[in-house]
Amino acid sequence: MGALPKRKISKGRKNRRRANDSLKAPKMSKCPKCGKTKRPHFVCEFCGYYGDGKDLKKNK
Ligand SMILES: [Zn+2]
């Protein structure tokens, strides 16, 4: 017989592991400049545009 886990992972431990899975869901928004999908609050990787309606210079 091959290597097998000694104990079954309990429902609680399995659920705790699964609890983090939903965080990895991809959230995408659309770049208003080139129209490609980009991550929100990130610079567009296609055209380098960043504009989320916020003025970054006022953020001091
Ligand atoms: Zn873009």
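The sections that follow treat confidence, fold, the metal site and selected side-chain contacts.

**Basis and confidence**

The model is predicted, so local features require pLDDT of at least 70 and side-chain atom pairs count only at pLDDT 80 or more, while totals for chains, interfaces and linings use all residues. Residues are numbered from 1 along each chain as its sequence is written, and side-chain values rest on heavy atoms, with hydrogens and water left out.

The predictor's confidence in each residue, pLDDT, runs from 0 to 100. The protein averages a pLDDT of 82, and 82% of the residues score at least 70. Where pLDDT is low, the predicted coordinates should not be read in detail.

**Fold**

The protein contains 1 helix and 2 strands, arranged α-β-β from the N terminus on. These elements are DSSP runs numbered from the N terminus: helices (H or I) have at least four residues and strands (E) at least two. Confidence is highest in helix H1 (residues 11-18), with a mean of 94, and lowest in strand E1 (residues 29-30), with a mean of 88. Of the 60 residues of the protein, 5% count as buried; buried means under 20% relative accessible area, exposed over 50%, and partly exposed in between, using a 1.4 Å probe and protein chains only.

**The zinc site**

The zinc ion is coordinated through the SG atoms of Cys-31, Cys-34, Cys-44 and Cys-47, at 2.2 to 2.3 Å. Donors are N, O and S atoms within 2.8 Å of the metal (3.2 Å for Na, K and Ca); water is not among the atoms, so sites may look incomplete. Along the chain, the donors follow the spacing C-x2-C-x9-C-x2-C. The arrangement is tetrahedral because the 4 donor atoms subtend angles of 105 to 116 degrees at the zinc ion; for four donors, that class requires all angles to lie between 85 and 135 degrees. The ideal angle for four tetrahedral donors is 109.5 degrees.

The accessibility of the coordinating residues is as follows.

| Residue | Relative accessible area | Class |
|---|---|---|
| Cys-31 | 2% | buried |
| Cys-34 | 34% | partly exposed |
| Cys-44 | 3% | buried |
| Cys-47 | 32% | partly exposed |

Cys-44 lies in the segment after E2, and Cys-47 is found in the segment after strand E2 (37-38). Cys-44 is 15 residues from Ser-29 in sequence and 9.9 Å from Ser-29 in space, C-alpha to C-alpha. For Cys-47 and Lys-33, the separation is 14 residues in sequence and 7.7 Å between C-alpha atoms. The structure holds 0 disulfides, that is, pairs of cysteine sulfur atoms within 2.5 Å.

**Other local features**

Two charged side chains lie over aromatic rings. Lys-36 lies over the face of Phe-46, at 4.7 Å from the ring centre, and the charged end of Arg-39 sits 4.2 Å from the centre of the Phe-42 ring. The criterion is that NZ of Lys or CZ of Arg is within 6 Å of the ring centre and within 35 degrees of the ring normal.

His-41 is located in the segment after E2 and has a positive phi of about 65 degrees although it is not a glycine. Most residues other than glycine have a negative phi. His-41 counts as exposed, at 51% relative accessibility.

Terms used. Four donors count as tetrahedral if all angles lie between 85 and 135 degrees; four count as square planar and six as octahedral if opposite donors are over 155 degrees apart and all others between 65 and 115; anything else is irregular.
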